[in-house]
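Hello,

Here is the structure I promised to pass on to you. Please open it alongside this message, and then read on for my notes.

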Amino acid sequence: MATITQHETVMEYAVRMTSREDEMLVRSKLENIRGVKEFRVDLREETVLVTTVLSSFEIQRLLESTGFLVILRGYNHSTSDTSLEGGVVTMLRDSKVCGLCRMIQGSVVCVVEGSLSGLEEGEHRVQIHSGGDITRGANSCGGVYGTDSNGAKGYLGSFKVGRDGAINFRFDTDKFKVCDVIGRSLITTHSETGINTYGIVARSSGVFGNRKKVCQCSGETIWEEATRVREETIRSSL
């Protein structure tokens, strides 16, 4: 189900298109989608730019329904200000990856979105914690960020997970900026069992902030790297 908030974000994807027919297929997946304000498809650069109130995970699923390789390269609140900082969190549970969260900083509001799986059914709280030490999981991350007599700046909200254990969520907050929480931790906690998922907030690229086509470390193209990661993920889930 689509998650829609009032704050638009701009997302830049690399999509492996090789023909005009590929371009038209990508366009057809984004046309007339509620929550997509506008989009631009560049066949030569193999990029898609989307302005939307949907989450980046939902847009990625739409693009992946073409059967093409899709990579999120950056996101922001606008294409005119690419200096605003973004964050990304690889979420862990029992040292295993269970999802990804992203933060998009606007001039006032920070959008926090996530896609998690393998969770227990029920209600889960989402919070930024003051520390970034995950050597003992969530237990070594300190208290909720910005806690005082007025509450906690780091408390984002809660979501309910069904029997399938999967959730996409999106929260808006003006209590902190991404730059305030880089190096801290993002934690979800089941309201009854107390079981956590956790990860450290790291910097990420904004729109037009990542023009890499070849990885300098491995020599792989972005498409070779994406194919390898996808195959490894499939093998690890078997």
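Below is what turned up, from the whole chain down to single side chains.

A word on the ground rules first. This is a predicted model, in which local features need pLDDT of at least 70 and side-chain atom pairs count only at pLDDT 80 or more, while totals for chains, interfaces and linings use all residues. Residues are numbered from 1 along each chain as its sequence is written, and side-chain values use heavy atoms, with hydrogens and water left out.

**The chain as a whole**

The chain holds 16 strands and 4 helices; these are DSSP runs numbered from the N terminus, with helices being H or I of at least four residues and strands being E of at least two. It has 238 residues, and 45% of them count as buried, meaning under 20% relative accessible area with a 1.4 Å probe and protein chains only. Among contacts (heavy atoms within 4.5 Å) with a separation of 6 or more, 68% join residues 24 or more positions apart. The exposed surface comes to about 12,300 Å², of which carbon and sulfur atoms supply 47%; the areas come from the Shrake-Rupley method with a 1.4 Å probe.

**Aromatic pairs**

Rings of Phe, Tyr and Trp (its six-membered ring) pair if their centres lie within 6.5 Å; planes under 30 degrees apart count as stacked, over 60 as edge-to-face and the rest as tilted. That rule gives 3 aromatic pairs. Phe159 and Phe169 are stacked, because their ring centres are 5.1 Å apart and their planes are at 10°. Phe159 sits in strand β12 (residues 155–161) and Phe169 in strand β13 (residues 167–173), so this pair ties together parts that are 10 residues apart in sequence. Phe169 also pairs with Phe171 in a tilted arrangement, at 5.5 Å centre to centre and 35° between the planes.

**The cavity**

The lining includes Arg93, Glu120, His124 and His190. Strands β14 (185–190) and β15 (196–200) each supply at least two lining residues.

Best wishes

Definitions and conventions. Buried means under 20% relative accessible area, exposed over 50%, partly exposed in between (1.4 Å probe, protein chains only). On a 1 Å grid over the protein atoms alone, a cavity is a set of points where a 1.4 Å probe fits but cannot get out, and a pocket is an open set with protein on both sides within 12 Å along at least five of seven lines; lining residues have an atom within 4 Å of a point.
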